[in-house]
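Please open the structure in the viewer and keep the selection tool at hand.

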Amino acid sequence: MTEDEKREYDEMMEDLKALGIEPLKTKNETGEEEEFLLDCFTFGDKEPTILLAFEAIINRSEDCGLRDDSIYIETAEAFDYVKKKLDITAEQALVLAITVNFCSDQRIEMVDYCRHLNCTSFRFLPYMKALDALAERGFIICNRSNSRPTYRVPYYVLESLNDNRNIDNGDLKELDSHELFNQFDDIFEMLNNQEMTLRAAIGKIHVLMANNPALDFCQFMEMLHLGEDDLLLLTFFAHAFVNNNDDRISMMDIRTIFKDRHVCKTIGNALSRGTHELQRLQLVDFCNDDGFASRSHYHLTLEAKKSMLGDLDIELKDEQGQRQGLMKYEDISQKAMYYDEQTTIQVDELEHLLSEDNYQGIRNRLKEKGFRCGFTCLFYGAPGTGKTETVLQLARKTGRDIMQVNVTEIRSKWVGDSEKNIKALFDNYRRKVRDSKMTPILLFNEADAIISRRKEAVEHSVDKMENTIQNIILQEMETLDGILIATTNLEQNMDKAFERRFLYKVKFNKPTLEARLHIWLSMIPSLEDATATMLAQKYDFSGGQIENIARHYTIDTILHGDNANVQQALFQHCENEQLDNKNNRRIGFN
């Protein structure tokens, strides 16, 4: 280069530097530093837009190899525009431009970025942080469900870029509650599909709450000051209830949100023990199965639903609160019952007592006089005499739902859980009494095991547990404000302490001859009076046994048609029902 050429070159460099264009510096073969200019992109007379800048970045970055910073120098004006417009770094602008360029592909992989740039995976690895940062802000969506993450561009990003505005996922302000929960639906779907990180999800929930402070959900959550995991978990419970009508959450559901095994284990252990922060705040409670607390399924409490979801058009009380886990009285089929004279008088008196007007009046009078206001009843007698069915018919006639207790499920293989179960049972019943329009009946069916004589001088842990359960039930019966009915076949084994605590004791005898005749005719209406009389006279059956025979006979007629000799067929069924008449039947090998 001559002196004149060098002077001319230096003057040109100075002029370009004055315009803000920096030359690229490199070293020649002798090691001396040299400056030279590249063909740099400028918007020229075009109005700058994000899409124009992205186009320049894509054109200049193709096959660049990421060997130096030339891509950032050649398209400095484009990068500067995108950085300021979207508030991102140059590295984020580069990978975002490439991702948008591949927007028709819903599963963009690292190899696609490397192929465009014509670089090795090693050169591109530092740019993975830029992709993660964009995913955190919702500019791109990262799916981590497979061994290799993939990326895609959400539609709202393309809309924002096309309008040349900062990227947002819609106007998150001035939402109503339904729109808010639509946003939650999107968040948890993306979490389930591993297209959003927990951090991003929590961040978006905070943005939604901050932008919509007037909504009941946002006000209530703001007041709680929950930790991030608890905030996300409680939001998930609310989302599942509102969007999916799911009020029974298991750990399997929770694992769709919290992928980390150790986090899930910590949450699961706390929930199963009842010590989780959301349970301590009485926001989440155990679901109940037949009156027992299920330590594997959880739901929002009624109080939490009222506080968080009050401005949503959701029925929170009737079906979701009061009657869940109850046998509804209107679902009980009408059935004629036949007793002896004394039992009929007692059952009629109970029906009269349990009618709502009488029940509330008597209850209030008892409370005024300082008496216990709970009604405890014992139905005892031989199997099949109608004890359980009488409870059902009383409930149907008086309009009371039934909370039925399966006594065999009270006992747990883990010592200690049975006591917790029985306490949770009565706690749950108290909530039902409080929230129900009419006090439901708490039914301990076949309660022989829990009202039998308590063991003395016990040593084994199981015997101690049995006594503890009985003591808890005795204490609860003392303070009961409701209706408890227990049925038993073995009243002779009943503990005296239980006997004293049952206000009404109704004995169910085997039906009289007249009652048996009515039962036969009610069970098989086509039966002739003479045949029914013969059956009633010959067989001293209980109502349950007669019902078994009637069912068996009906099944036979369905399978084989009407029997020509009805009397003979029924007599045969009666003989089969009498197991104790099958004398000397040997079991085993001859």
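Select β8 and β12, which pair in the parallel sense over 5 bridges; strands here are DSSP runs of E with at least two residues, helices are runs of H or I with at least four residues, and both are numbered from the N terminus. Two strands are said to pair if DSSP finds at least two bridges between them. Within this pairing, Phe-379 has Val-506 of β12 as its bridge partner.

The model is a predicted one, in which local features need pLDDT of at least 70 and side-chain atom pairs count only at pLDDT 80 or more, while totals for chains, interfaces and linings use all residues. Residues are numbered from 1 along each chain as its sequence is written, and side-chain values use heavy atoms, with hydrogens and water left out.

**The parallel sheet**

Now extend the view to the whole open sheet, whose 5 strands are paired in parallel in the order β9-β10-β11-β8-β12. At the edges are β9 (402-406) and β12 (504-508), each pairing on one side only. On average, neighbouring strands of the sheet are turned by 20 degrees against each other, direction ignored.

Buried means under 20% relative accessible area, exposed means over 50%, and partly exposed lies in between, with a 1.4 Å probe and protein chains only. Show the side chains of β8: Phe-375, Cys-377, Phe-379 and Gly-381 point one way, Thr-376, Leu-378 and Tyr-380 the other way. In a regular strand the side chains alternate between the two faces of the sheet.

Next, select helix α19 (residues 341-354), which lies across β8 (375-381), β11 (483-488) and β12. The helix runs at about 140 degrees to β12, where axes are lines fitted to C-alpha atoms, for helices over the stretch in contact, and angles run from 0 to 180 degrees between N-to-C directions.

**The nonpolar cores**

Select Phe-184, Phe-217, Met-221, Leu-232, Leu-234, Leu-300 and Met-308, the residues with the most contacts inside the largest nonpolar core, which has 51 residues. Such a core is a set of buried Ala, Val, Leu, Ile, Met, Phe, Trp, Tyr and Cys residues joined through side-chain atoms within 4.5 Å. Helix α13 (residues 228-244) gives the most to this core, with 9 residues. Apart from it lies another core, of 49 residues, including Leu-354, Cys-377, Ile-485 and Phe-502.

Move to Ile-473 in helix α24 (residues 461-479). Its relative accessibility is 3%, so Ile-473 counts as buried. Not counting residues up to four places away in sequence, Ile-473 touches Ile-422, Phe-426, Ile-450 and Phe-498; contact means heavy atoms within 4.5 Å. One of these, Ile-450, is 23 residues from Ile-473 in sequence, with 8.5 Å between their C-alpha atoms.

**An aromatic pair**

Select Phe-181 and Phe-184, both in helix α10 (residues 177-192) and 3 residues apart, about one turn of the helix. Both Phe-181 and Phe-184 are buried. How are their rings arranged? The ring centres are 5.2 Å apart and the planes stand at 85 degrees, so the pair is edge-to-face. Rings of Phe, Tyr and Trp (its six-membered ring) pair if their centres lie within 6.5 Å; planes under 30 degrees apart count as stacked, over 60 as edge-to-face and the rest as tilted. By this rule there are 17 aromatic pairs. For a cluster of rings, select Tyr-113, Phe-124, Tyr-127 and Tyr-151.

**Two loop residues**

Finish with two residues in loops. His-225 sits between α12 (216-224) and α13, and its phi is near 55 degrees, a positive value in a residue other than glycine. At 67% relative accessibility, His-225 counts as exposed. Gln-282, in the loop between α16 (277-280) and β6 (284-289), has a positive phi of about 60 degrees although it is not a glycine. Gln-282 counts as exposed, at 59% relative accessibility.
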